[in-house]
Amino acid sequence: MLPLFKFRALNVLLICRSSRGPKIAVAVHVVGRRGIRRLVMKPLAAVWGMVRRRPRRMAALSALTFLIMGAIGYMVNTVFGAMFTNGTESSTVGLLYPVESETREAKRLDGMWNFVRSDSSNPSQGLREKWFSDDLAKFRPTIGMPVPSSYNDVTEDASIRDHVGTVWYDRRFFVPKSWQLQRVFVRFGSVHYDSIVWINGQQVLKHEFGHLPFEADISQVLEYGKENRITVLCDNVLLQVTVPQGKIVNSPVDGGVELVQTYTFDFFNYAGIHRSVELYTVPQVFIRDVVVNTDLVGDEGHIYYTVESSLNSSIAADLQATVKILDKAGTVVGVDTATGAELKGVVIVKNVKPWWPYLMHEEYGYMYSMEVTLEGKSNEASEPVGEIFDVYRMKVGVRTLEWNNTSFLINGQPIYFRGFGRHEDSDIRGKGLDYALLTKDFNLLKWVGANAYRTSHYPYSEESMQFADEHGIMIIDECPSVDTVNYSQILLEKHKASIEQLIHRDRNHPSVVMWSIANEPRTGQFAADAYFEAVAKYTRALDPSRPVTAAIAVGVNDDRAAKHLDIVSFNRYNGWYQNAGKLNMITNRVVEEAKAWNEKHNKPVLMSEYGADTMEGLHMLPAYIWSEDYQSQVFSRHFRAFDDLRRQQFFIGEFVWNFADFKTAQTYTRVGGNKKGIFTRNRQPKAAAYLLRQRYHALAQELDKSTLPGDLFLYTAPDGTEVGKSEL
């Protein structure tokens, strides 16, 4: 049984046996009906023709040869070549973060929604019975479900926690009559994984990829001055052609069979409406998109902008965009006006305050306000004669990025990354957006002295990106491709689509300093070379202003992807997955591997993951795996390696795995989840948190000339200059 919406590919097993020889099986991954017809039906028809025309033995041998050579030829020519063509790449439009202004209103639909779980064995029932045509409660008993949140851990029902397939949400909302003169959009911050949205029974949206926003103009389907109904179908099934990948199998259980979702990535496949759902209005003529790039020229900040309106280019020639830049005090420090079919220009800010990472400057994370006004064209810039159509405000940071074969620089200054891999994960809410948790996490990041983290292994909320901008935390922004394997053209197209949506969403954030195109892909495979060449080229074409990286887990001599990257990131768990318990097998191995990556590719190198699982409160002397003491020792041995590598001028950063403990699929190797965090899942520190804090702040003092926190070290005894002195 193929789950709803998942007839994206089919694994076919072709079996041929000669009269005397062994049985030969060729497993082929084919996509869609056309692929099945081309790859399966035509070869089989040809084989059948030979069988009819020749003696039995000759026919069998010919058939065997035909199948083997055909399979090899197809695999070489298609799987490793033509399948990785450019194709038709998607292009996202709009999706500006909803804000209110003189011309815009916004209304969140967060809160309690009605929720129904479909039967895993009958995922399409709701569509067939048109549950979207009326309140869900008229078709099935519903329960309350908070939005935003993952639905998995909210109840005490294991069938909801472990559900595979579709679930349904709905709620009613009121639209005022005054909105009738506006255009109204509905916008979802994230629904994992597939989703379909109906308003008053009419389909308005369909979106694939969790962790990324999507929206639609619903002006024509709303009832103004009345109640309206929104219905959402969410499908969490992952296949070999989804991003990330997974597999579905029918497994026997007590009393029957059930769908079982498997995946290789090491975090829980939380699902549901994870981020806010918003209605917002815009005028009939409105600002659809704004793109920002910045540069520093002496003490000037140059803010290059492009404004896209809702009108086509011929009509848009009668518009103009006025862009103002305001400092934190609200003072206008730069203005520019653009006219013509393309509304673009540059605002120059004198005595600019650049955006700096945390602890690198006393005013780190400095953000200006950018006010964009779309109006009728004026005769003179100071005397507009047309009406004001739309006003949109956003934050911008002014900074430059550069990189070469040894260094990464912000505003011309070399950067050493000290950070984490993280997860959007917490008790009860799963991956649901929570401002209290977000605030706590950024407070802890700054407490520990980190200046960066990687959005492992998917895009984080837009709100978290805004926090990173304001707090000066650099982001390695990662698309949701995890443990990539079974490379195919359809997977490549979806991989590229997910990157396009990610870059479109996050390109204006100064905190985003790198794009990570994958985590631990199977880059030892032959097909990985052409595949990641295509992905890396596409990423650079979308945004050449930031370097491209990926977290590589394959050994340096087997990897085929790092040559396509700008910065080499590698994950390695010496003392844990390799040589568990052997603390004396860490430092040299880290140094040797980092040097090998640099020598092979002549590029900057950073360690994107290292660590050890740790049970809070477990102490053992001498240090033993799973104890807090062992985690601290593992860190200390890595610190020695990192300091050795820093002196060699190509090593640019260290990222602990992980910031906090997180939930995974059920397995005997995980006690309630992955325990590699320096903080527990409820954000309390383990012993290694204090050790890491001392290191990160010491690095900030050495490299960025910052001041050490007064509570970094507890008082133990007077320093050497005072020992032996007597009071007079």
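How many cavities of 30 Å³ or more does the structure hold?

1. The structure holds six cavities of 30 Å³ or more, a cavity being, on a 1 Å grid over the protein atoms alone, a set of points where a 1.4 Å probe fits but cannot get out. This is a predicted model, in which local features need pLDDT of at least 70 and side-chain atom pairs count only at pLDDT 80 or more, while totals for chains, interfaces and linings use all residues. Residues are numbered from 1 along each chain as its sequence is written, and side-chain values use heavy atoms, with hydrogens and water left out.

2. The largest cavity contains about 170 Å³ of space, where a volume is the space filled by probe spheres set on grid points joined across faces, edges and corners. Of the 18 residues that line the largest cavity, E424, G432, D434, L437 and L438 are the closest to its centre; lining residues have an atom within 4 Å of a point.

3. Helix 6 (residues 435–448) gives the largest share of that cavity's lining, three residues, helices being DSSP runs of H or I with at least four residues and strands runs of E with at least two, numbered from the N terminus. By class, the lining of the largest cavity comprises four nonpolar, six polar and eight charged residues; Ala, Val, Leu, Ile, Met, Phe, Trp, Tyr, Cys and Pro count as nonpolar, Asp, Glu, Lys and Arg as charged, and the others, Gly among them, as polar.

4. The second largest pocket has a volume of about 670 Å³, a pocket being an open set of points with protein on both sides within 12 Å along at least five of seven lines. Its lining has 30 residues, of which D162, Q261, Y263, F268 and A665 are the closest to its centre.

5. Strand 14 (256–262) and helix 4 (158–161) each supply at least two residues of the lining of the second largest pocket, and the largest share, five residues, comes from strand 14. The lining of the second largest pocket divides into nine nonpolar, 14 polar and seven charged residues.
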